Amino acid sequence: MTTDTDSLYAAWKKIYPRHQEGFFRNLRWALYGIELGLFFLLPYLRWQRSPGLPSQAVLFDLPGRKFYIFDLVIWPQDIFLLAFLLIAAAIGLFFMTALAGRVLCGYMCLQTVWTDIFLQLERLFEGNRKQRIKLDSSPWGIRKGLIKVGKHLSWIAVSGLTAFSFVAYFIDVHVLPQQIVTGDLPFAARVTLFLLTIGTYAMAGFAREQVCIYMCPYARFQGAMFDEDTLIVAYNPQLGEPRESNRRTRSVMGAKAGMCIDCNACVTTCPTGIDIRNGQQYECIMCGACIDACDSVRQRLGGGGERLLSYTSLQELKGGKTHWLRGRVVAYAVLLTLVLGGLVLYLARHAAVELTVIGHRQPLYIVQSDGSIQNNYTIRILNMTSSEQTYALEVEGLPGAVLTVAAVAAEDAQGHPLLTVGSGSVTPFTVYLRQARDQVTPGRQALQFTLTAQSPQGGSAAYTGVFNRP
Ligand code: SF4
Ligand code: SF4
């Protein structure tokens with residue numbers, strides 16, 4: 001038989017975090033500013049590319065299967081770049097967690113940032129913590145209705161803007177509004193706009209701290225990366241205890257009273273609704289709001305000296321010193337450096353051009369009237385840069401070779417044919433390769449086709465092929 005006390009279900013209690021100014025609040029605003037500024041403004045940044053190519057600096061062109069990131073064009077064959085990025089992000093997360101716990105949750109996580117924006121809007125419409133609690137417990141009337149409608153409309157507006165900005169990374173931001181108005185928006189974009197608006201509204205407006213506590217897998221596995229030297233937000237019981245709120249009792253206790261006046265300011269400020277004085281808890285997102293709250297209380301009381309709540313480590317709380325250079329931190333740092341190094345190397349050597357050569361089989365070779373041997377090939381050039389390129393084509397490894405390309409008359413100073421290929425396109429060319437009679441030896445001969453762009457950013461490519469002879 002189950003009783004109420006056996007129940008595994010706990011009803012959700014709405015949290016009304018108190019707004020608190022302070023150093024960590026300002027730090028969060030600064031980081032939010034960078035993150036939100038990048039997210040919302042990046043689609044408006046233009047970039048000069050060849051005619052016919054998108055002019056948006058960062059655009060993920062899914063129908064065209066190309067990602068434009070400033071001068072970099074990512075093709076489907078670069079897909080393992082994404083794997084590199086994901087691995088780097090995962091190791092970076094492990095590294096940060098081992099070093100500074102859940103600090104990314106408190107300062108950079110999208111759920112935290114958007115929930116905070118929604119909370120500020122709630123504060124704008126409904127007032128401070130006390131006023132919000134009072135409003136929610138008051139009966140419904142015109143005033144309450146208008147305030148709630150205003151708040152929800154502002155939330156929906158932010159959610160819609162968020163969804164719009166996200167989709168603008170996939171459809172040019174200058175075309176997107178027009179497509180929305182005319183109804184020409186692709187189906188997938190419509191669904192994304194709708195789901196992201198609803199999702200942002202639900203997650204930041206209603207689910208809030210529940211996402212951090214119950215839904216986020218990171219909250220569950222972060223413990224595996226923690227140790228006694230990891231940075232945490234903690235209460236110092238040696239300074240704070242015994243806590244006492246009553247002034248008279250405190251004066252009787254004198255020096256025996258701890259610094260904590262049990263004002264609860266740290267609890268009412270906490271966005272996840274925990275009391276950090278009860279010890280380290282996985283719900284803590286390390287936002288530092290409680291530190292700001294306690295600092296301001298102690299300032300009001302004229303207290304200085306050590307902080308009751310601070311970013312510290314279990315080592316320091318025990319009277320020791322935090323060791324920043326530890327085995328796991330160094331291991332994560334080395335791994336991260338290796339993966340990022342590989343990424344930079346890959347990007348630095350990122351092929352700007354791809355060359356494919358297919359030898360014609362019907363016939364394998366042609367014996368010309370002057371005794372020379374001719375092989376025909378189809379070459380395909382893929383220009384992966386963001387501008388049109390001209391390449392010089394040459395052949396190495398075949399003595400007495402004469403190279404001509406169908407419908408191409410342009411040549412460089414050395415007499416190599418010059419082939420022009422538009423940005424982001426694949427162009428086939430028919431190539432005739434002839435070996436003079438006096439150089440011909442029997443059998444197959446390996447050779448190399450080399451393509452060299454006339455501009456430094458065009459790159460070069462080589463392809464090993466075969467020349468067939470009787
Ligand atoms: S305990 Fe402090 S640092 Fe942790 S989530 Fe609550 S307010 Fe933020
Ligand atoms: S804000 Fe500081 S003084 Fe007030 S209850 Fe929290 S730890 Fe104690």
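Ligand 1 is surrounded by 14 residues, and the closest are Cys270, Ile276, Cys284, Cys287 and Cys290. Keep in mind that this is a predicted model. By type, the shell around ligand 1 has 11 nonpolar residues, three polar and no charged.

Now ligand 2. Its shell holds 15 residues, with Cys260, Cys263, Ala265, Cys266 and Cys294 the closest. Here the division is 11 nonpolar, two polar and two charged. Which helices each supply at least two residues of this shell? They are α13, residues 265–269, and α14, residues 289–300. The largest share, three residues, comes from α14.

Next, strand β8, which covers residues 373–383. In a regular strand, side chains alternate between the two faces of the sheet. In β8, one face takes Ile373, Asn375, Tyr377, Ile379, Ile381 and Asn383, which are buried.

What does β8 pair with? One partner is β6, residues 353–359, antiparallel over seven bridges. Another is β12, residues 426–435, also antiparallel, over 10 bridges. Thr378 of β8 can be followed into both: Ile358 stands opposite Thr378, and in β12 the bridge partner of Thr378 is Thr430.

β8 is also joined to β7, residues 366–367, by two bridges, again antiparallel. Ile366 stands opposite Gln374 there. The hairpin of β7 and β8 has five residues between the strands, and in it Gly371 takes a positive phi near 90 degrees.

Technical notes: Residues numbered from 1 in each chain as written. Chains lettered and ligands numbered in written order. Predicted model: local features only at pLDDT ≥ 70, side-chain atom pairs only at ≥ 80, totals over all residues. Near = placed C-beta within 6 Å. Nonpolar A, V, L, I, M, F, W, Y, C, P; charged D, E, K, R; others polar. Helix = DSSP H or I, 4+ residues; strand = E, 2+ residues; numbered from the N terminus. Buried ≥ 20, exposed ≤ 12 C-beta atoms within 10 Å, placed from the backbone. Pairing = 2+ DSSP bridges.
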